[in-house]
Amino acid sequence: MWVAGGGGHRPVGGQPGQIRLAELDQHLGLHVEPDSVAVLRRCVRYVNDQPSSLQDSYYPMDLAEEVHELLSPKDIPQGTTRLLAERGHEQTAFYDEYVSRMPTPEETRLLGLQPGTTILLHIRTGYTEQRPVRVSFNVFSGDRNQIVTTHGDVRIIGRFRPEEAPE
């Protein structure tokens with residue numbers, strides 16, 4: 001789930017961007033044949049009317065043919081993870097990778113980055129009990145994002161950091 005807020009930032013909804021068939025390399029993690037195609041859903045997320053991150057999520061074509069909403073350029077109100085779970089494809093495991101690097105020319109353009117600004121690439125592969133069903137590439141502008149994680153009992157953290165207390 002993506003959350004914007006705090007620090008004076010007002011979240012502005014992401015754009016349910018382009019849908020296109022994308023050729024897959026084996027490294028995408030979907031465990032499909034090298035010449036297979038997949039559905040790509042692209043989203044540009046904004047905070048205070050400024051692009052903050054990009055997300056390209058790839059889904060196997062046979063899954064998209066079963067869950068037709070993945071093929072639509074329209075926003076999926078409950079999100080794709082919940083939609084897939086509702087259709088019997090609950091993601092029960094995730095594999096995350098983080099890479100800091102210089103942006104591609106397209107990332108620079110879409111995020112409006114200044115020269116020398118790095119990005120943080122978060123690659124998440126989502127698995128059901130049967131197979132991988134999604135690989136998402138999240139590109140975060142290095143000058144506009146902060147990543148915070150909590151581990152363990154969040155109630156304890158909330159006692160010392162009230163702003164982090166579960167609701």
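The legends below describe close-up views of a predicted model.

**View 1. The second largest pocket and the residues that line it.** The second largest pocket of this predicted model has a volume of about 180 Å³, and its lining is made up of R42, L54, Q55, D56, Y58, R101, T104, E106, E107, L121, F137 and V139. By residue class, this lining divides into five nonpolar, two polar and five charged residues.

**View 2. Elements that contribute to the lining of the second largest pocket.** At least two residues of the lining are supplied by each of β3 (50-60), α3 (105-111) and β6 (132-141). The largest share, amounting to four residues, comes from β3.

**View 3. The aromatic pair of Y58 and F137.** A search of the whole structure finds one aromatic pair, formed by Y58 and F137 in an edge-to-face arrangement, with 5.9 Å centre to centre and 90 degrees between the planes. The pair links distant parts of the chain, since Y58 belongs to strand β3 and F137 to strand β6, and the two residues are 79 residues apart. Y58 counts as buried because its relative accessibility is 13%, under the 20% cut-off, and F137, at 18% relative accessibility, therefore also counts as buried. Both Y58 and F137 are also among the residues that line the second largest pocket.

**View 4. A charged side chain over an aromatic ring, R124 and F94.** In this view R124 lies over the face of F94, at a distance of 4.5 Å from the ring centre.

Methods
Residues are numbered from 1 along each chain as its sequence is written. This is a predicted model: local features need pLDDT of at least 70, side-chain atom pairs count only at pLDDT 80 or more; totals for chains, interfaces and linings use all residues. Side-chain values use heavy atoms; hydrogens and water are left out. On a 1 Å grid over the protein atoms alone, a cavity is a set of points where a 1.4 Å probe fits but cannot get out, and a pocket is an open set with protein on both sides within 12 Å along at least five of seven lines; lining residues have an atom within 4 Å of a point. Grid points are joined across faces, edges and corners, and a volume is the space filled by probe spheres set on the points. Ala, Val, Leu, Ile, Met, Phe, Trp, Tyr, Cys and Pro count as nonpolar, Asp, Glu, Lys and Arg as charged, and the others, Gly among them, as polar. Rings of Phe, Tyr and Trp (its six-membered ring) pair if their centres lie within 6.5 Å; planes under 30 degrees apart count as stacked, over 60 as edge-to-face and the rest as tilted. Buried means under 20% relative accessible area, exposed over 50%, partly exposed in between (1.4 Å probe, protein chains only). A charge sits over a ring if NZ of Lys or CZ of Arg is within 6 Å of the ring centre and within 35 degrees of the ring normal.
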